[in-house]
Amino acid sequence: MIATSLPRRTTSRLLQRASLALALLAPVPLLAAESTPVTSARVTATLLSSRDAVAPGERFQVALTQKLAPGWHSYWQNPGDSGEATRIEWTLPQGVNAGAIQWPAPKAIRVEPLVNFGFEDNVVLPVEISVPADAKAGETLTLSAKATWLVCEKICIPEEGAFTLDLPIAAAGTVDTAAEARIDEARAALPKPAGFTAKLTAKGEDKLALALPGLPAGASDIRFFPVLDTLIEHAAEQPVENGALTLTRSTAFKVGTPTTEGVLTFEEGGARRSLALSAEVEPVLLQAVAAPAPAPARVTLPPPPAEDLTLLLALVFAFAGGLILNLMPCVLPVLFIKALGFAQVAQSSRGEVRRQGLLFLAGVLATFFVLASLVIALGAGWGFQLQSPPLVILLAVLMTLIGFNLIGAFEIGGRLQGVGDGLASCSGPVGAFMTGALAVIVATPCTAPFMGAAMGYALTQPPAAALSIFMALALGFAAPVVALSFAPGLLRLLPKPGRWMIVLKQAFAFPMFATAIWLTWVATMQAGADGALAALVAILVAGFALWLIGVTRGSGRALRAVAAAAAILLVGAASVFVIESATPSAQPTAQAGADAPGVWSPARVAELQAQGKPVFVNFTAAWCITCLANDRVALSRQEVKDAFAKLGVAYLKADWTNRNPEIATTLTEYGRAGVPLYLFYPGTKGAQAEVLPQLLTPETVVDAAQRAAGKEVKTASSQK
């Protein structure tokens, strides 16, 4: 009744406002011509079409779009010093053609000491599609594409996606206004034709001059991005002088055509501009490379082994790897110390043994949680902390002090390792927790079977899944000690406490001393003679500080305070000395000797393969005990050396003792979070590498060498 009494105009207005409100509350639909997105924690990718419907004979634009998470980048057609360009493989109906990717101007992305060429934030890669004139209206045009891309931050992760668009064929095409505007905006920002021809000439032995006769007078911040990746050193500066850029010639310099292409970017009037540039190459440069060395083309990598894993299988692998990690020589002494503690208290209190077992588990889980959080946050690998010489020296000091404590030279009053105040200290709760923490710390140089694949998979997953894999590794690592603490039958097998325990405890001091010696050697490998000096000074000062505190223990409060202050000052001064002295050496060099391996690089691998030589690459580190064991057991054996010599195998070493981003990237590409990694490349250009097991035998290496020499060659083409 009330509604009928309202004026007609008022009623109309109310209806309009109600309709508008309903429209605002309704969800906004996706673009009609956009594929289902492919989403990871790093990238959201879609295939976008400028048409909702297409007409016979029409040419229109589609685009692969990538929304990158902050800090991540993908790559241009020449990715620079490392990386891989985005690629699109099309599956199209007969008569339908797809053009090449229309590349935007890249950015120079510095990842010390390298420079990559790529994109950040939002990326739109247009591609032109042509519809045949005989296409029939009323049918559907299905565009299917598989795209692959590499995204990098501190680590690099290969990703891929499958995209499908179904577009109706009509007598007249229908424009998707929003999609077309987005693609047109991207195409408007593509590099414009330069309107002039540049000239590339030699400038001294290692420089090139790129003359730019049409460069605007007010241009600044100029950079040249070559399409050819064997032209220049990408990380080098490009100063401008007299209208020409000075470029640094690539160590693998090669130009095979009289012209070369690229993109020139610069600032003009506060705006960033880009030009598509063609440069005439001075003939002498072509003559200088008539017989060029093979270009450092990126070796085609197989899919990372971790891609075959599921989360459940990765958890199983991690648990199994944790169990096996207990057998490593760096861990056994610590676990035997804990077993001695159980033997001491087993006869009197089984409840105390169980409590210590749970505290040991808590120490393992807490330490693994901290290390895993750092690995995930920093994108580092397993054992990353041992790439820091000061931390290596700190561990050497700790092992030395534990050794002297075990032989009774002094007691650690806080029961740091559960071995102070005689054997009874093994029952202390702090000692049980810290023994678990210590066991994890000394285990970090080791990699057990199953661990590598599990941790490589973890680094490709979201943080929650990655953390669960590391926790499964921790549970496997702690399982034997926890099981011993909850198994009365096993505890009854232990002999009664007696003098044998004292003798055994003292005997375990010597593996600790051996570990300290090895860690000092690692510091020497990282920082040279200064690293060794820093380690010895740190051990001396730590021992003196503990002695000073111990010798004044029964004295008055004032004297004890003075001794404590002096100890703190000494330790502080020694810490400054260690940090200043223990700086890594510049670059690892090849060892001397006929049998010594060469220094690894992707370019060197490609060069040797082009020469027809099988290539064995040893990814290793001085702090990796598993690596050293494999070297002694297999790689240094005479039968392996003889097989390498007979088959013409080139042996390269990728030393990860100090941080090396190129090695870290390669480890990630093969689904590994750390070393060791062993690759055998056949002597065929472009052939993929065989990944060897983490634990080697001479037979394993010799058999792989025979396959690489031609018995069983697996190339990229054979995989398709």
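Modeller: Before we start, a convention: axes are lines fitted to C-alpha atoms, for helices over the stretch in contact, and angles run from 0 to 180 degrees between N-to-C directions. The model is predicted, so local features need pLDDT of at least 70 and side-chain atom pairs pLDDT 80 or more, while totals for chains, interfaces and linings use all residues. Residues are numbered from 1 along each chain as its sequence is written, and side-chain values use heavy atoms, with hydrogens and water left out.

Colleague: How many helices and strands are there in the chain?

Modeller: The chain has 21 helices and 26 strands. Helices (H or I, at least four residues) and strands (E, at least two) are DSSP runs, numbered from the N terminus.

Colleague: And what percentage of the residues is buried?

Modeller: Of the 720 residues in the chain, 47% are buried. Buried means under 20% relative accessible area, exposed over 50%, and partly exposed in between, with a 1.4 Å probe and protein chains only.

Colleague: Which share of the contacts joins residues at least 24 apart?

Modeller: Among contacts between residues at least 6 apart in sequence, 73% join residues at least 24 apart. Contact means heavy atoms within 4.5 Å.

Colleague: Now the helices. At what angle do helix 5 and helix 11 pack?

Modeller: Helix 5 (residues 311–325) and helix 11 (residues 463–485) pack at about 35°, and their axes are 7 Å apart. Helix 5 passes helix 11 in a right-handed crossing; a crossing is right-handed if the near helix is turned clockwise from the far one by less than a right angle, and left-handed if anticlockwise.

Colleague: Which residues make the contact?

Modeller: From helix 5 they include Leu311, Ala314, Leu315, Ala318 and Phe319, and from helix 11 they include Ile469, Ala472, Leu473, Gly476 and Phe477. By class, the contact of helix 5 with helix 11 has 15 nonpolar, 4 polar and no charged residues. Ala, Val, Leu, Ile, Met, Phe, Trp, Tyr, Cys and Pro count as nonpolar, Asp, Glu, Lys and Arg as charged, and the others, Gly among them, as polar.

Colleague: Where is Val364, and is it buried or exposed?

Modeller: Val364 is found in helix 7 (residues 350–378). Val364 counts as buried because its relative accessible area is 0%. Leaving aside neighbours within four places in sequence, Val364 is in contact with Gly436, Ala437, Val440, Ala474, Phe477 and Ala478.

Colleague: Changing topic: what is the volume of the second largest pocket?

Modeller: The second largest pocket holds about 710 Å³ of space. On a 1 Å grid over the protein atoms alone, a pocket is an open set of points where a 1.4 Å probe fits, with protein on both sides within 12 Å along at least five of seven lines, and lining residues have an atom within 4 Å of a point. Grid points are joined across faces, edges and corners, and a volume is the space filled by probe spheres set on the points.

Colleague: What lines the second largest pocket?

Modeller: There are 26 lining residues, and the closest to the centre are Pro104, Ala105, Pro106, Lys107 and Ala189. Strand 17 gives the largest share of the lining, 4 residues. The lining divides into 12 nonpolar, 4 polar and 10 charged residues.

Colleague: Where does Ala105 lie?

Modeller: Ala105 lies in the loop between strand 7 (97–98) and strand 8. Ala105 counts as partly exposed because its relative accessibility is 23%. Beyond four places in sequence, Ala105 is in contact with Phe119, Pro191, Val263, Thr265 and Ser274.
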